[in-house]
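Please have a look at the model first.

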Amino acid sequence: EERLARERAEEEAALEAERQEAERKAKKKEAARLKKEQLRAQGKAVTKAEKAREAKARAARERLIAQGLIEVDEDGNVIDKPKPKRDNDKAKKEKAEAKKRAEEARKQKEADEAARKA
């Protein structure tokens, strides 16, 4: 009979310990939820997608710095660099050639029409 009472007491103690553990976990989970909710309200909580977006932006910025396309001062602010001027000579030449070809085609057309009339 003592053995049964001891076993029953041990079972009750184990059940009570499980209940207390579950209660502790629930309180901890609720506290974390409230903290996260508070951080969201303050605008400080960051979702996984926002973290990924920030990491991607940081990596892109680091690549630009490594390539020398942007410079950064000691505070992390971007220093504007003047953009290199492109050589427009090629574009100008192509435009002049296209204009020349159009003029030659017009003259040829006029010559063809004059030849047909004659």
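K36, R40, K48 and K51 form a positive surface patch. Two elements, α1 (2-42) and α2 (48-67), each give two or more residues to the positive patch. K48 sits in helix α2 and is exposed, at 76% relative accessible area (exposed means over 50%, buried under 20%, with a 1.4 Å probe and protein chains only).

This is a predicted model, where local features need pLDDT of at least 70 and side-chain atom pairs pLDDT 80 or more, while totals for chains, interfaces and linings use all residues. Residues are numbered from 1 along each chain, and side-chain values use heavy atoms, leaving out hydrogens and water.

Now for the whole chain. It has 3 helices and 2 strands, in the order α-α-β-β-α (DSSP runs: H or I of at least four residues for helices, E of at least two for strands). The radius of gyration, taken over C-alpha atoms, is 39 Å, well over the 13 Å that the globule rule (2.2 Å times the number of residues to the power 0.38) gives for 118 residues, so the chain is more spread out than a compact globule.

| Chain property | Value |
|---|---|
| C-alpha span along principal axes | about 135 × 50 × 25 Å |
| Residues counted as buried | 1% of 118 residues |
| Accessible surface (Shrake-Rupley, 1.4 Å probe) | about 11700 Å² |
| Carbon and sulfur part of that surface | 52% |

Terms used
Patch = residues over 30% accessible without salt bridge, like charges linked within 9 Å, V, L, I, M, F, W, Y side chains within 5 Å. Salt bridge = Lys/Arg side-chain N within 4 Å of Asp/Glu carboxyl O. Lys, Arg positive; Asp, Glu negative; His and termini not counted. Charge placed at Lys NZ, Arg CZ, Asp CG, Glu CD.
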